[in-house]
Amino acid sequence: MAARLPLDVRLVRAIEPLIFARRPFTLALLALLTVLLGWQATRLTVIAADDREHVASTVIQDGADADHADAPGRIRIALSTRGNDLYTAGFLFRLKTLTEAVGAMPGIDPASVRSLFSPALRYVEVVEGAYRGASVIPEDFVPTAATPPQLAKIRASVIDAELIGQYVSADQRSALIEARARAGATAAERRQLARRLDAAARAVIGSAGSDFSVAVSGGPALAVALEAGLPALARPAAIGAAVMAIVLMTLLGSPTLGLLVSAGALVAVTWQLGLLKLVGAALDPQAIGVVLVTLAAAVLQGAQVAVGWRREAA
């Protein structure tokens with residue numbers, strides 16, 4: 001009685017004729033699928049799963065509201081002055097104007113907006129026989145009419161409320177505005193919101209750009225920055241692909257084999273990105289390394305197959 005063949009051998013013998021018996025049809029089908037998935041890959045969107053990047057961390061020591069730092073759609077705006085500190089009429093006027101603009105912007109959850117002008121930010125001080133508290137900045141405070149005693153009181157209230165390192169930087173030259181996109185907003189809507197916030201922030205600074213600066217951070221803002229930077233990656237990617245092909249040609253001793261392995265690896269990446277789009281997924285910046293892993297694995301596998309071909313041909 002003949003020995004039973006291993007499962008992998010039986011599978012190869014069953015599948016191989018289906019693939020290679022109609023080779024032109026199979027190659028045409030694979031080429032068509034590659035074109036379709038390549039088109040899908042060009043439509044793949046980039047999203048940020050969280051906002052752990054720190055565009056504003058150079059001015060804000062610790063992210064405010066740390067318990068919710070990874071909330072979807074959270075955006076932070078850091079307004080900074082090049083002067084001695086932020087306790088000036090000009091800075092506080094711009095901070096108040098920007099806070100109001102953020103709170104009134106469509107797509108923003110108004111309840112999520114936080115800054116020094118938020119009534120929820122309060123200080124507590126001990127007085128004789130009791131505690132006394134109030135908003136860090138009184139609701140009737142008018143920045144353009146601020147007096148030195150009022151500004152000194154705001155400075156003391158910020159310290160009493162322990163907001164340094166949260167909503168005020170350690171050098172007290174920057175202040176933070178926090179907001180969150182409305183519930184249910186899509187990734188595309190959050191990216192559009194980040195663009196509008198960036199435009200609003202720069203409009204508030206206006207012609208005083210030499211005295212003030214602004215940085216918008218958060219998951220949506222990161223995704224916008226990545227989208228803007230993707231075209232700049234085209235040239236390095238093309239150079240990398242050319243170098244990979246040259247190295248493979250040299251190592252394999254055959255230009256044909258080198259090009260075939262390179263093309264196969266690029267096709268594998270194309271299929272991966274295209275399938276992501278088809279299943280409704282998006283590319284997270286922190287997962288871009290997975291694409292490189294796929295490329296490396298495809299090159300390694302292709303090189304092994306190519307070496308096997310050369311041995312069989314010899």
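1. Accessible areas here come from the Shrake-Rupley method with a 1.4 Å probe. On that basis the accessible surface of the protein chain comes to about 18100 Å², and 63% of it belongs to carbon and sulfur atoms. The model is a predicted one, and the values below should be read accordingly.

2. Overall layout. The protein chain has nine helices and five strands. Their order along the sequence is α-α-β-α-β-β-α-β-α-β-α-α-α-α. Of the 314 residues in the protein chain, 35% count as buried. Taking contacts in the protein chain between residues at least 6 apart in sequence, 73% join residues at least 24 apart.

3. Main core. Which residues have the most contacts inside the largest nonpolar core? They are Ile-77, Leu-92, Leu-95 and Leu-116, in a core of 45 residues. Two or more residues each come from β1 (74-81), α3 (89-104), α4 (148-160), β4 (174-180), α5 (187-205), β5 (212-218) and α6 (219-229). The element that gives the most is α5, with seven residues. In soluble globular proteins, nonpolar side chains tend to be buried together.

4. Surroundings of Leu-116. Neighbours within four places in sequence are left aside here. Leu-116 is then in contact with Leu-86, Leu-95, Leu-121, Val-136, Ile-137, Val-158, Leu-163, Tyr-167, Val-168 and Ala-175. One of these partners, Leu-95, is also listed with Leu-116 among the residues with the most contacts inside the core.

5. Second core. A separate core of nine residues is also present. Met-244, Leu-248, Val-299 and Ala-306 are among its members.

6. Is Leu-27 buried or exposed? Its relative accessibility is 53%, so Leu-27 counts as exposed, the cut-off being over 50%.

7. The whole structure holds five salt bridges. In one of them, Arg-74 pairs with Glu-178, with the closest N and O atoms 3.7 Å apart. Arg-74 belongs to strand β1 and Glu-178 to strand β4, so this pair ties together parts that are 104 residues apart in sequence. Arg-74 is buried, at a relative accessible area of 2%, and Glu-178 is buried as well, at 1%. Side chains of opposite charge can pair when their charged atoms come close.

8. Salt bridge from loop to helix. Asp-85 and Arg-155 meet through their side chains in a salt bridge, at 2.7 Å from N to O. Because Asp-85 lies in the loop between β1 and α3 and Arg-155 in helix α4, the pair ties together parts that are 70 residues apart in sequence. Asp-85 has a relative accessible area of 16% and is buried. Arg-155, at 31% relative accessibility, counts as partly exposed.

9. Salt bridge within a helix. Asp-198 and Arg-202 form a salt bridge in which the closest N and O atoms are 3.1 Å apart. Both residues lie in helix α5, four residues apart, or about one turn of the helix. Asp-198 is partly exposed at 25% relative accessibility, and Arg-202 is partly exposed with a relative accessible area of 46%. Elsewhere, salt bridges that share partners join Arg-74, Arg-76 and Glu-178 into one network.

10. Two buried serines. Ser-80 is in strand β1 and is buried, with a relative accessible area of 9%. What does the side chain of Ser-80 make a polar contact with? The partner is the side chain of Ser-174, at 2.8 Å. Ser-157 has its place in helix α4 and counts as buried at 1% relative accessibility. Not counting residues up to four places away in sequence, Ser-157 touches Tyr-123 and Val-136. Val-136 is also among the residues in contact with Leu-116.

Key: Residues numbered from 1 in each chain as written. Predicted model: local features only at pLDDT ≥ 70, side-chain atom pairs only at ≥ 80, totals over all residues. Heavy atoms only, no water. Core = buried A, V, L, I, M, F, W, Y, C linked by side-chain atoms within 4.5 Å. Buried < 20%, exposed > 50% of the residue type's maximum accessible area, 1.4 Å probe, protein only. Contact = heavy atoms within 4.5 Å. Salt bridge = Lys/Arg side-chain N within 4 Å of Asp/Glu carboxyl O. Polar contact = N/O pair within 3.5 Å; in protein donor to acceptor, adjacent residues only side chain to side chain.
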